[in-house]
Amino acid sequence: MLKKRDLHDSHTLYELLTHPDVFPFVRHKADSYEEFLFITKQTIEAEEHGELISRTILDEWGAPIGTINLFDIEDNAGFLGTWLGKEYHGKGYNSPAKEAFFQELFYEMGIETVFMRIRKVNIRSIRAAEKLPYCIKANETKPSIYQQLNANGEIYDLYEIPKDLYTFHFLRNGSMQTDTSHLLEA
């Protein structure tokens, strides 16, 4: 479940963000709660200006557990940034959060392409990206973006999620679920 960013969630999110397994991989780092509150205010304002899209990821009880964002929006494309609190790693929250976010981005916000830049040392995120059936490793297919990301050395892999591939996956899985339920009813 996702919701728009809200200052009321800042304390909980800051506590989750500071874990040493999370902090190095967060785009907007904050060294204090006050700094995180300031960054959150800036994020909310940037979304109002169309510069990014940011949502809080919630658990099944509505508690904030991380954030999912689309940064650097240009030409109906942007870069995905997601983080979850350490205690929520490996518990199945990442994929549903991405699915809900992609639904909003592609079908409500007019986004056509979502890129992911993932540090080559971030094995957890690389595995998560490569599990997505609609995600393409784009180091070779988008060489100008890949080179721009790695101007200071081979740091990032580039992944791409095009709306058409996501839509194909969504329609195929949706029709498979419909067929299964129809068979069960018959």
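Visitor: Leaving aside residues up to four places away in sequence, what does glycine 81 touch?
Guide: Welcome! This is a predicted model, where local features need pLDDT of at least 70, side-chain atom pairs count only at pLDDT 80 or more, and totals for chains, interfaces and linings use all residues. Residues are numbered from 1 along each chain as its sequence is written, and side-chain values use heavy atoms, with hydrogens and water left out. With contact meaning heavy atoms within 4.5 Å, glycine 81 touches Thr67, Ile68, Asn69 and Phe71.

Visitor: Is glycine 81 buried or exposed?
Guide: Glycine 81 is found in strand S4, residues 77–84; strands (E, at least two residues) and helices (H or I, at least four) are DSSP runs, numbered from the N terminus. Buried means under 20% relative accessible area, exposed over 50% and partly exposed in between, with a 1.4 Å probe and protein chains only. At 17% relative accessibility, glycine 81 therefore counts as buried.

Visitor: How are the rings of tyrosine 107 and tyrosine 166 arranged?
Guide: The structure holds 13 aromatic pairs. Rings of Phe, Tyr and Trp (its six-membered ring) pair if their centres lie within 6.5 Å; planes under 30 degrees apart are stacked, over 60 edge-to-face and the rest tilted. For tyrosine 107 and tyrosine 166 the centres are 6.3 Å apart and the planes at 40°, so the pair is tilted.

Visitor: How far apart in sequence are the parts that this pair ties together?
Guide: Tyrosine 107 lies in helix H3 (residues 94–107), while tyrosine 166 lies in helix H6. The pair therefore ties together parts whose separation in sequence is 59 residues.

Visitor: Which aromatic cluster does phenylalanine 170 belong to?
Guide: Phenylalanine 170 is partly exposed, at 38% relative accessible area, whereas tyrosine 166, at 0%, is buried. Both belong to one aromatic cluster, formed by Phe102, Phe106, Tyr107, Tyr134, Tyr166 and Phe170.

Visitor: Is leucine 171 buried or exposed?
Guide: Look for leucine 171 in helix H6, residues 163–185. Its relative accessibility is 54%, so leucine 171 counts as exposed.

Visitor: How many helices and strands does the protein have?
Guide: Along the sequence, the pattern reads β-α-α-β-β-β-α-β-α-β-α-β-α. That gives six helices and seven strands.
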